[in-house]
Structure formats: structure tokens, C-alpha cells
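Here is a short report on one part of a protein model. Look at the structure first, then read on.

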Amino acid sequence: MNRQPIVMALRALRQTLWGPDAPPGRQLLARWPRLAPYATPVGLLAALGLFLITLNVESSWGLPTPVALLFAGMTVAPLLALPRRPLLAWRLTVLALLICTFNAPANRSWPWTPPLVLGSVAVVAVVVARVDRPVLVWLVVISTVPVLTFVHPDNRVPVLLLLGALAIVGDLIRRNRLSRRALAAQTELSEREQERRAVLEERTRIARELHDVVAHHMSLIAVQAETAPYRLTDVPAPAAAEFAAIAGSARDALTDMRRLLGVLRSEATGPQTAPQPDLGDLGAMVDVARRAGLPVTLDVDPSIDGRVPAPVGLAAYRIVQEGLANAARHAAGAAVRVTVRTGRSGLGVRVENSPADARPATDGGPGHGLTGMRERATSLGGTFTAGPLPDGGYAVAAELPYEAESGDA
């Protein structure tokens, strides 16, 4: 005989009667935080009003004042516990229904006061949407006991129908809430995975672009090492052999770099034959943006010369390129200013735009432009910031050191 269903039913009964409480629902104040300062005083005033109304009704039944005060408190207590302890509120409600029944006048068609009935319906309506289905079944079964025992036969059917409807609607609400919560968690997980994938793709792209820069330097090393014995006079044989070894190591490094580039290149990425851009190409890129209708002002430090390393110049070019693309996409008609300044130890790049004249007609959704710019800056050991300006515009800025201690971010 399979005893597992019986064990599960008994566990659900135990949780219903004295087990851990159900989790509270989403706080209403989370949607409207401005109501937070008024929630406690309004709730206390409502509880006090319900207490006085119940006390007045029970006094009209001819109950002694201490008993009326006790029953009024038992009517209000479940509603006070309902926001944070819904299952406890239901237990208090069942207890109040049972105790108040034995002290109600015999000539009443309903054994409970109207405030207690309305409060019990409110408690059940909230609790059924917070508990699991096994607990919900026991909750409904136990709630029908006072109805079948003490309610007049002419009124039992409507009450039972109401209780069943509340249970069905509450179960649907709970399942819908769990589905939305699972969907939100899956969406967040997917966004994190997309962001991680975007970072990896951008790092791969940066590595492919830096291949040309590093290959150029390695080629110079190989050429200089091979021609050194012919350009220099009286080169000893050991030195000539050393130059030959350096040239061979450089050629081997170039071969390994080509293999590494083949690993980094995806199937959709073809070989890149054009040279990588640098700071000298900023003017041409800005001219293209101006012809496209984007008002751009380029402010480049005139002291920029050949001392800016090629990786830094490439990163600066890509950051400006992405900054202009974001401005054109999200701030149509806004004036854009590109500033490039050289320092003693690094290069400063800033792209800022004024407030947009109009909201963009189409929204392409969140992209990975900021992620790519941040990866380019941190790969050189630099820093990157992005955010809105006080006047409503937007700015991105990067500090790119000429010599980074580490390329890990």
C-alpha cells in the first residue's frame, strides 16, 4: 500500500494547523511608496473603527461588556495579522468563529456579527492566494466545519459556494503569480547570460583588432633583427647569431599569432584586410557623422603625436565611434561634442550630447555599446564612466593609460 499520499496529506494538515506561516504577498506600498508614511495610522484608525462597530453590535445582543470587548478584539486581530502572517490570521479567524458561536443569541439566523463575517471573508480571500494546494485543500475543509455546523440550512449553500469560488480564484492567482515570478527569474538569467556573452564577444573582437597592431611590432622586430648584421659594421659572430635567433623567435611568434587569430575568428567573421584605425582617422569619422545629419564638434588636443600607443589610439577610436552611434540612436537632433586630451601618462576621451530634441521614433532595445566601451577601456587598465548629465544630456568618458600594469579587468 502506498502511504506517501497519506503522509503528504498529514504533513499539509500539520502545516495548516500549526506549521510555518505562508509568505506575505507583495507589499502594496512597494508600488506606491508615497503611501508608506500614512499606512500605519490609517490601518490603526480602521482597526479602531471596526473594533467600535463590532463592540456596538455585540452590546446590542445583550452580551456583558468584557465578553463584547473580547469578541471585538478577536474580530480585529486577524485583520491586523493578515498583511504579514496570513495563515495565522486564518487560524485566529476560525478560533473567533468557534468561540463567538457559543455565545451568540439563540434567536439569530446568523451566529456571527456582520463585521466578523466580512472580516472572515477578507481573510480567506487573501490566504487562499498565498498557500500551496495541499494546504489550500485542508484550509477549505476546515473552514466548512463552522459553516455546516452553525449556519442555518437555508444559508449554507451560498456560503459554501462563496468559499469554493474564493478557493478556485485564489489558487489561480497563486499559480499565475508563481508563473510570473519564474518568468521574471528566467528573464533575468537570460539577460545575465546575454550580457556575459556580449562581454566575451567584445573581448574576442578586441583581441582580433589588436592582432594587427601586435603583428606590426613583431614584424619590425624580425626585420630589424635580420638586417642588423648588414646595417651595423663589425658585428661579432655571437651577436649575429643572437640577432638571427631573435628574428627566428619573432617569426615563430607571428605564426602563433596567426593561429590564435584563426581560433578567435568565428565562422561569420571573415579575414580583415583593412588597417586598424587610430586617432588620425577621427576627423574622417566625424565628417561622415556630420553628413548623416549629426551635429558633431571635434576637439582634439593638438599635442597628440606619435607617442600615443597604437592600442590606445584604436580603443579611443572605437569608443568615439560607439559614442556617436549611441547619440544618433538615442538623442536624435542633439548636439554632440567629442573631446580627446593627452596627458603625461594617458589619453582622455569624452563624448557628450545635449538633451534630445525629440524622443526616437523606434527603440531598438538595450544594446551592448556601453559594455564594449567599458571592455576596451579596462582591457588597457583604464577606467570608463557613463551616465546622464544635469541638463538632461548624456556623456561617456574613458581614461586610457599609455602603459598598463595589467590588462585584466
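## Helix α9 and its buried side

This model is predicted. Helix α9 covers residues 282-291, and its buried residues are L282, M285, V286 and A289. They span an arc of only 100 degrees around the axis, which puts them on the same side of α9. The spacing fits a general rule. An α-helix has 3.6 residues a turn, so residues three or four places apart point the same way.

What do the buried residues of α9 pack against? Their partners are β1 (296-300), α10 (310-330) and β2 (336-342). Just after α9 comes G293, with a positive phi of about 100 degrees.

## The five-stranded sheet

Five strands form an open sheet. Their order is β1-β2-β3-β5-β4, and the pairing is mixed. β1 and β4 (383-388) stand at the edges. Each has a single partner strand, so one side of each is left without a neighbour in the sheet. From one strand to the next, the twist averages 10 degrees.

Look now at β3 and β5. Strand β3 holds residues 346-353, and strand β5 holds residues 394-401. The two pair in the antiparallel sense over eight bridges. E352 has A395 of β5 as its bridge partner.

## Helices across the sheet

α10 lies across β1, β2, β3 and β5. Its direction is at about 5 degrees to β3.

Helix α11 (residues 369-379) lies across β4 and β5. α11 runs at about 150 degrees to β4.

Methods: Residues numbered from 1 in each chain as written. Predicted model: local features only at pLDDT ≥ 70, side-chain atom pairs only at ≥ 80, totals over all residues. Heavy atoms only, no water. Buried < 20%, exposed > 50% of the residue type's maximum accessible area, 1.4 Å probe, protein only. Helix = DSSP H or I, 4+ residues; strand = E, 2+ residues; numbered from the N terminus. Arc of directions from axis to C-beta. Contact = heavy atoms within 4.5 Å. Pairing = 2+ DSSP bridges. Axes fitted to C-alpha atoms, helices over the stretch in contact; angles between N-to-C directions.
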